[in-house]
Amino acid sequence: MSIKALVSLYESFDPIWHVDMNQASLNLLNPQAADANRLGLLNPRISDLSDLLSNWSGPRPFRICSGGTSSRSAAAGQWTLNLRPELNQITWQNTDLSVWIGGGCRMGEVLQALLPYQQTIATGLSGLPGLGYILTGGMGPRSRELGLAVDHLLDIRGVWGSGESFWLQREFHGGSELWRGLCGAAPFLAVVSEVRLMTHTLAPLWVEQSSAPPRALPDWMSVAEASDVSTTLQWHWGANDRLELMKVHSKDPGTDRCYGISGLHQLPTLVPPGNEKDRLHSEVVGLLGPARSEGWRDCIPLLEDCMLRRPHPACSLSCQQLGGATTLAAKDATSFHHRDAVWKPWITASWIAGDLAMRQRSLQWLETIWSVLHPLCPGVHLAQLHDHLPFHQRELKQAFGYWLPGLQALKQQFDPAGNLPPL
Ligand SMILES: Cc1cc2nc3c(=O)[nH]c(=O)nc-3n(C[C@H](O)[C@H](O)[C@H](O)COP(=O)(O)OP(=O)(O)OC[C@H]3O[C@@H](n4cnc5c(N)ncnc54)[C@H](O)[C@@H]3O)c2cc1C
């Protein structure tokens with residue numbers, strides 16, 4: 001059935017749309033999104049997107065699913081546009097060593113597709129996230145050397161929330177407000193059908209994994225802040241008294257504490273798999289802050305106290321390192337506003353699915369840790385949307401700063417009906 005027919009079916013037989021058509025084709029990796037009582041889902045082709053968005057009269061906003069890893073890739077009472085079935089092409093462009101990536105591709109799929117050409121892209125700590133990884137900034141173990149994923153964009157194609165198609169090229173549109181808006185805030189403005197990204201030569205990496213007590217954290221961070229850009233530190237504080245640390249080096253550090261991997265496609269997980277019997281739901285808030293390892297030292301007792309009071313053992317605090325190349329792009333070139341950021345801590349609030357009291361306590365716990373870290377990390381990395389939570393406006397302000405009114409003007413112009421999430 002064409003999208004036009006689906007839209008008119010919606011208009012004439014509203015109740016039928018409460019039945020989830022194509023349920024089996026939506027592989028949502030985020031349990032909260034998977035469990036959401038969504039109205040339905042559509043699997044649009046590129047050629048359908050324009051008609052769909054310009055003619056839509058059903059409930060808004062749409063939810064978009066690319067990798068399906070975030071809690072808002074589906075939501076109760078809303079429709080999901082599932083980009084995975086139709087927008088899944090990955091095309092190598094030999095002439096300039098770039099790659100076209102469809103709007104529904106996972107980053108691990110891109111890494112695998114580039115292996116035969118001995119090329120790679122700067123992905124994050126997991127291959128599971130989809131295009132949302134790139135569109136919201138995209139940082140990982142090679143960012144200090146190579147920059148953010150958003151800094152590698154060459155072309156962006158898609159459909160504005162209004163239904164109007166666009167094809168922007170860095171060569172011609174870099175420096176414009178439209179390019180700036182899409183590089184970091186696209187989820188509010190457009191459905192991106194494909195992007196073209198610069199690639200890098202595949203090269204070996206060296207991984208060093210260890211654990212330490214939380215009190216040792218500021219020393220680890222201090223060493224990391226002084227280290228060469230070929231090294232990044234990431235850490236995970238899951239258990240009360242234990243930190244998991246992972247250093248990734250792109251130059252052989254010559255120590256037997258490291259083991260070699262042939263690229264990011266072989267990166268081990270930072271977070272050890274839990275042995276949870278319960279089904280868990282969670283929300284994640286990402287923060288951004290400059291190099292302040294001494295400030296972290298002052299915060300450790302407060303953080304230890306928070307960790308002791310976790311509503312659920314799966315509540316955690318993790319962090320990845322930025323700096324180097326991520327600071328080089330001009331502040332107004334993209335919507336990634338916090339170019340001075342050197343640390344991105346992210347707070348995960350978890351609760352047993354359906355336990356609303358625990359959900360409330362976990363979200364309060366998240367806000368407590370956020371307030372402890374705020375003096376050190378005043379920025380937000382808006383990699384997950386929270387327009388259903390009370391701190392959405394605060395996140396928008398802290399993510400986009402003085403550029404927020406500019407983004408809101410773009411939203412007014414290109415998504416006036418609010419087909420995409422509110423800004
Ligand atoms: C295991 C794991 C590890 C992660 N590691 C990192 C990391 O190392 N570095 C990092 O920067 N982030 C990391 N993230 C965060 C992740 O990159 C973001 O949450 C990202 O937004 C997820 O993208 P997605 O396509 O999988 O999510 P989805 O849930 O499918 O979508 C996420 C959001 O992006 C929007 N979106 C997705 N695709 C499109 C599109 N084509 N057009 C318009 N809007 C779109 C959607 O509206 C949605 O709100 C990690 C997440 C997970 C689950």
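**Figure 1. Overall dimensions of the protein.** The model is predicted: local features need pLDDT of at least 70, side-chain atom pairs count only at pLDDT 80 or more, and totals for chains, interfaces and linings use all residues. Residue numbers start from 1 along each chain as its sequence is written. Along the principal axes, the C-alpha atoms fill a box of roughly 65 × 55 × 40 Å. The secondary structure comprises 13 helices and 18 strands (DSSP runs numbered from the N terminus, helices being H or I of at least four residues and strands E of at least two). Of the 423 residues, 48% are buried (20 or more other C-beta atoms within 10 Å of the residue's own, with C-beta atoms placed from the backbone). Among contacts with a separation of 6 or more, 72% join residues 24 or more positions apart (contact: C-beta atoms, placed from the backbone, within 7 Å).

**Figure 2. The shell around the ligand.** The ligand is surrounded by 34 residues, and the closest are Ser66, Gly67, Gly124, Gly130 and Gly132 (C-beta atom, placed from the backbone, within 6 Å of the ligand). At least two shell residues each come from β2 (63-65), α5 (131-135), α8 (177-189) and β9 (190-198). α5 gives the largest share, four residues. By class, the shell has 16 nonpolar residues, 17 polar and one charged (Ala, Val, Leu, Ile, Met, Phe, Trp, Tyr, Cys and Pro count as nonpolar, Asp, Glu, Lys and Arg as charged, and the others, Gly among them, as polar).

**Figure 3. Helix α9 against helix α10.** The axes of α9 (residues 217-225) and α10 (residues 293-308) come within 9 Å and cross at roughly 170° (axes are lines fitted to C-alpha atoms, for helices over the stretch in contact; angles run from 0 to 180 degrees between N-to-C directions). The two helices are therefore roughly antiparallel (angles over 145 degrees). Leu217, Pro218, Met221, Ser222 and Glu225 of α9 meet Ser293, Glu294, Trp296, Arg297 and Ile300 of α10. This contact has five nonpolar, two polar and three charged residues.

**Figure 4. Helix α10 against helix α11.** α10 and α11 (residues 356-373) pack at about 175°, with axes 10 Å apart. This angle makes α10 roughly antiparallel to α11. Cys299, Leu302, Leu303 and Cys306 of α10 contact Trp365, Thr368, Ile369, Val372 and Leu373 of α11. Eight of these residues are nonpolar, one is polar and none is charged.

Note on methods. Angles under 35 degrees count as roughly parallel, over 145 as roughly antiparallel, 65 to 115 as roughly perpendicular and the rest as oblique. Two residues are in contact if their C-beta atoms, placed from the backbone, lie within 7 Å. A residue is buried if 20 or more other C-beta atoms lie within 10 Å of its own, exposed if 12 or fewer, and partly exposed in between; C-beta atoms are placed from the backbone.
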